[in-house]
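The sequence and structure come first.

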Amino acid sequence: LTGGATLEDMARQFSDDVVSAREGGRIADIQLGQLVPEFAAVAARATPGELSQPFQTAFGYHILRLNERRGDVVDFNHVLIKVNEASADPTAAIEHLEMVRDSLLTYDKPFEAMAKRHSQDVNSASQGGRVTAPRSQTQQRDLPIEALGAEWQATLSGLEVGDVSEPAAVTLLNGRKAYHIVLLQRRTPEHRINFTQDYEQLEQIALRDKQTRELQAWVDRLARDVYVEYRGKGEELMRSTTASLR
């Protein structure tokens, strides 16, 4: 491209996005919210007419040229190159994790500091590698072992509290393959729930229940107090619905 080729020609020849490749990589008039977050972030920052740096999403690696942006609607051309993770060589990743593990065990480096420095999991790295329940707003840390995937269970099964696992394969929530090391901080035996052992979990359950009740009360107040006016087809639909109910 920097040598004079057009993005349209490169997309037709090389892009693994088969649908858009036929159109020279063009995707027209799509809302940012319809794009995966990593792609949307680049498209939202791009200057019309300029070529982006290569960036990664769950689909592979992209470059894009933003043609036009109108509010949250964008028009762009892009090239996608998919990566065959099954044939990727994990040696470098495993060796890097072994180096991190050696620093933890031999030099007593804090796990949180090493996670922030070395982890490529953006969400947990900012919390020192802390793993919480997926999609949980309460950041619950006590995770039922049966709720974890088979790879997680295999990694954790042989660990004692305080142990750091050997590098192990893991499948991420987006389906991609990766390698990680795990520090087991606590293991709670199966038991009947009680305030002494499960206060934090009970507190989170009570908080979620309160949030649900408060949200429903707010919706009920809106339904009672907010004025809604139906016009055009909406007014006709409301009249026909009211007549049928009568």
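How many bridges join strand β2 to strand β3? Three bridges join β2 (residues 55–57) to β3 (residues 60–70), and the two strands run antiparallel.

## Basis of the values

The model is predicted, so local features need pLDDT of at least 70 and side-chain atom pairs count only at pLDDT 80 or more, while totals for chains, interfaces and linings use all residues. Residues are numbered from 1 along each chain as its sequence is written, and side-chain values use heavy atoms, with hydrogens and water left out.

Helices (H or I, at least four residues) and strands (E, at least two) are DSSP runs, numbered from the N terminus. Two strands pair if DSSP finds at least two bridges between them.

## Strand pairing

Between β2 and β3 there is a hairpin that joins them through two residues. Across this pair, Gln56 stands opposite Tyr61 in β3. Tyr61 also has a bridge partner in β4, namely Ile81.

β3 and β4 (residues 73–81) pair in the antiparallel sense over nine bridges. Arg65 has Asn77 of β4 as its bridge partner. The hairpin of β3 and β4 has two residues between the strands, and Gly71 takes a positive phi near 65° there.

β1 and β4 are antiparallel as well, with four bridges in their pairing. Ile30 stands opposite Val74 in β4.

## The sheet and its helices

Taken together, four strands form an open sheet in the order β1-β4-β3-β2, with antiparallel pairing. β1 (26–31) and β2 stand at the edges with a single partner strand each, so one side of each has no neighbour in the sheet. From one strand to the next, the twist averages 50°. Axes are lines fitted to C-alpha atoms, for helices over the stretch in contact, and angles run from 0 to 180 degrees between N-to-C directions.

Helix α1 (residues 7–14) packs on the sheet and touches β3 and β4 (contact means heavy atoms within 4.5 Å); the direction of α1 makes about 50° with that of β4. Helix α3 (residues 37–45) also packs on the sheet, touching β2, β3 and β4, and its direction makes about 45° with that of β3.

β4 is mostly covered, as seven of its nine residues are buried. Buried means under 20% relative accessible area, exposed over 50%, and partly exposed in between (1.4 Å probe, protein chains only).

## Two single residues

Arg70 lies in strand β3 and is partly exposed, with a relative accessible area of 40%.

Ser165 is placed in the loop between α7 (150–157) and β5 (168–171). Ser165 is buried, with a relative accessible area of 3%. Not counting residues up to four places away in sequence, Ser165 touches Arg101, Thr155, Leu159, His180, Ile181 and Val182.
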